[in-house]
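Thanks for making time this morning. Please have the sequence and the picture open side by side, and we will go through them slowly together.

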Amino acid sequence: MSDVIASNEERMKKTVANLKDGFSALRTGRASAALFDKIRVDYYGEKTPVNQVANISVPEARLIVIQPWDKALIGEIEKAIRSSDLSLNPSNDGKVIRISFPPLTEERRKELVKQAKNQAEQGRVAVRNIRRDGNDELKKSLRDGDITEDEESRLSGELQKLTDSYITKVNQVLEEKEKEIMEV
């Protein structure tokens, strides 16, 4: 029955990884190529991530340069960035797109921290739901006679310890992101 614990731990790991991935799309005061991972452009009829049709570089802390491999995509990429929720204003010279990152206002930082806290809470809820599913599985095994009450109790305790450790990881990831957002 330790496979119940292992499968739930795997699901919890994925939840934390998804949270980190979601946080990478939250804009902070410094430029990051990861901000463009979720932005897609129309490329020969397919919605394609920007990082698959262009080079994205960060030459300075507050500047990103996007160089499309196909110059005809410059307008598409610029339009996709403008319509994203990143609140960025790209400019192009016909060859590359430059995006400068103005410093975030205090109000915008607080808004971003609030978004991060909401995402973290969703992560904690997901971890708790995984625990609930695991406990349901253990109770079913107990009813089916596959495990004893003592085993069910022990495994349930292990599952709770696992849950606590992943909730702590979610909180640590949130704390790091908050620091990153709030630094000037």
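This is a predicted model: local features need pLDDT of at least 70, side-chain atom pairs count only at pLDDT 80 or more; totals for chains, interfaces and linings use all residues.

When I say helix or strand, I mean a DSSP run, H or I with at least four residues for helices and E with at least two for strands, numbered from the N terminus.

Residues are numbered from 1 along each chain as its sequence is written, and side-chain values use heavy atoms, with hydrogens and water left out.

Are Arg-154 and Glu-158 buried, partly exposed or exposed? Arg-154 is partly exposed, at a relative accessible area of 45%, and Glu-158, at 33%, is partly exposed as well. The cut-offs here are under 20% relative accessible area for buried, over 50% for exposed, and in between for partly exposed, using a 1.4 Å probe and protein chains only.

The structure holds 12 salt bridges, and one of them joins Asp-21 to Lys-38, whose closest N and O atoms are 3.1 Å apart. This pair links distant parts of the chain, since Asp-21 is in helix 1 and Lys-38 is in the loop between helix 1 and strand 1 (40–43), 17 residues apart. Asp-21 is partly exposed at 37%, and Lys-38 is partly exposed at 48%.

Now please move to helix 3, residues 106–144, which has 39 residues and reaches 57 Å from its first C-alpha to its last, close to the 57 Å expected at 1.5 Å a residue; the expected span is 1.5 Å times one less than the number of residues. Within helix 3, Arg-108 and Glu-111 are three residues apart and therefore separated by about one helical turn, and they form a salt bridge whose closest N and O atoms are 2.7 Å apart. Arg-108 counts as buried, at 18% relative accessibility, whereas Glu-111 counts as partly exposed, at 38%. Just after helix 3 comes Gly-145, which takes a positive phi of about 85 degrees. There is also a network of salt bridges that links Arg-11, Arg-132 and Asp-133.

Let me finish with the strands. Why can we call strand 4, residues 63–68, largely enclosed by the rest of the structure? Five of its six residues are buried, so the description follows from that count. Strand 4 runs antiparallel to strand 3, residues 54–60, and five bridges join the two; strands are taken to pair if DSSP finds at least two bridges between them. A hairpin takes the chain from strand 3 to strand 4 through two residues, and Asn-55 has Gln-67 of strand 4 as its bridge partner. Strand 4 is also joined to strand 6, residues 97–100, by four bridges, and these two strands run antiparallel. Here the bridge partner of Val-65 is Arg-98, in strand 6.

Methods:
A salt bridge is a side-chain nitrogen of Lys or Arg within 4 Å of a carboxyl oxygen of Asp or Glu.
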